[in-house]
Amino acid sequence: MHTRSAFLFLQLCWALVGGAVNTQAAAPDPAHVMPPKMQTFALYAEGPIPNAKPTPNEETGADTGWIQKVSQPSIQVYLPAKVKATGASVVIFPGGAYWGLTFDYEGVQQANYFIDQGIAAFVVKYRLPNDAWMQDKSIGPLQDAQQAMKFVREHASLWNLDAKRVGAVGFSAGGHLAASLATHWEKALVANPNNTNIRPDFLVLVYPVISMEDRVTHLDSRKALLGAKPTKAHIKYFSNELHVTAQTPPTLLLHAVDDSLVDVKNSLLFFEALKHQGVAVEGHFLERGEHGFVRIAQDRWHDLILQWLGQKGWLTVTD
């Protein structure tokens, strides 16, 4: 329904329902009952992109939902209608094996789901690792993830969001990035003069890559991020199950046991590491679903996320 048509429809409904009681009642404000238009921001605003080499923007696929060659990172802002707003927000990292971004399905579609539940959503178009436009391609995505958390917290008051209820949601390789953010937040890899908190308050990982170890990892993701012959130090640093501490955020894990692309061992290893450190963790391991949960209805796993967020209090307004 177009915005103008929706507005006229709301006016009509208001007149029919409320007109008999009070003929002078004003029609509801569309800005109160409808979500605002999505906004896009350069992730580093007008400042320099850290760890970048001068290069032309050769990004492709924006019109297909599968984006490649990202060298200019950005963030899309989706806000819920004021009447639904909970004050909570999620920063979303789409997957794509660090070779591309499944931006529509694992970004835009998920953001629209969250705002319908009253949760603000920020979809990150993070840089894809490439020696052509990065000095160190292994840390480029993590820099962008940290910057995205900083962006949300530093703009929270502008959008009436609670800076203490900002979570990270990651899919597949985007799950690896979200887990990296959650386990490597103590050292900022981007400029942070205000010492803004870059630790997610909670973490939702959907069929994530977690480890870079040979027998567990998704090899294409590892090759894209760390190269064909990664060092042992690189493998250890980006195997997130090895860096869980008691300060790692509470986590929800969703994974299909029959996932033939990203082995469910990734989620199981992270689950065990979180449990060992006493971090609140919940896992749902679905018998069938495959990678991308292509065999099950979105409502099934969306409901699991929403239930967990509600049970943990992340959707409750706090002082």
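This is a predicted model: local features need pLDDT of at least 70, side-chain atom pairs count only at pLDDT 80 or more; totals for chains, interfaces and linings use all residues.
Reader: OK, two strands pair if DSSP finds at least two bridges between them. So what stands opposite L254 in β10?

Author: H284 does. Strands (E, at least two residues) and helices (H or I, at least four) are DSSP runs numbered from the N terminus.

Reader: What's the strand order in the open sheet?

Author: Eight strands, β1-β3-β6-β4-β7-β8-β9-β10, with mixed pairing. β1 (39-42) and β10 (281-286) are the edges; each has a single partner strand, so one side of each lacks a neighbour in the sheet. From one strand to the next the twist averages 15 degrees.

Reader: Which strands does helix α9 touch?

Author: Helix α9, residues 298-311, packs on the sheet and touches β7, β8 (203-206), β9 and β10, with contact meaning heavy atoms within 4.5 Å. Its direction makes about 165 degrees with that of β9. Axes are fitted to C-alpha atoms, for helices over the stretch in contact, and angles between N-to-C directions run from 0 to 180 degrees.

Reader: Switching to β7: how many of its residues are buried?

Author: Six of the six, so β7 is largely enclosed by the rest of the structure. Buried is under 20% relative accessible area (1.4 Å probe, protein chains only). V166, A168 and G170 cover one side, and G167, V169 and F171 the other.

Reader: And what are the bridge partners of V169?

Author: I92 is partnered with V169, and in β8 the partner of V169 is V204. β4 and β7 run parallel over five bridges, while four bridges join β7 to β8, also parallel.

Reader: Last topic, aromatics. How many pairs does the count come to?

Author: 15 aromatic pairs, taking Phe, Tyr and Trp (six-membered) rings with centres within 6.5 Å. One of them is F202 with W308, edge-to-face (over 60 degrees between planes), at 6.4 Å centre to centre and 70 degrees.

Reader: What does that pair tie together?

Author: F202 is in the loop between α5 and β8 and W308 in helix α9, so the pair ties together parts 106 residues apart in sequence. Both F202 and W308 are buried. Elsewhere, ring pairs link F41, F122, F151 and W159 into a cluster.

Methods: Residues are numbered from 1 along each chain as its sequence is written. Side-chain values use heavy atoms; hydrogens and water are left out. Buried means under 20% relative accessible area, exposed over 50%, partly exposed in between (1.4 Å probe, protein chains only). Rings of Phe, Tyr and Trp (its six-membered ring) pair if their centres lie within 6.5 Å; planes under 30 degrees apart count as stacked, over 60 as edge-to-face and the rest as tilted.
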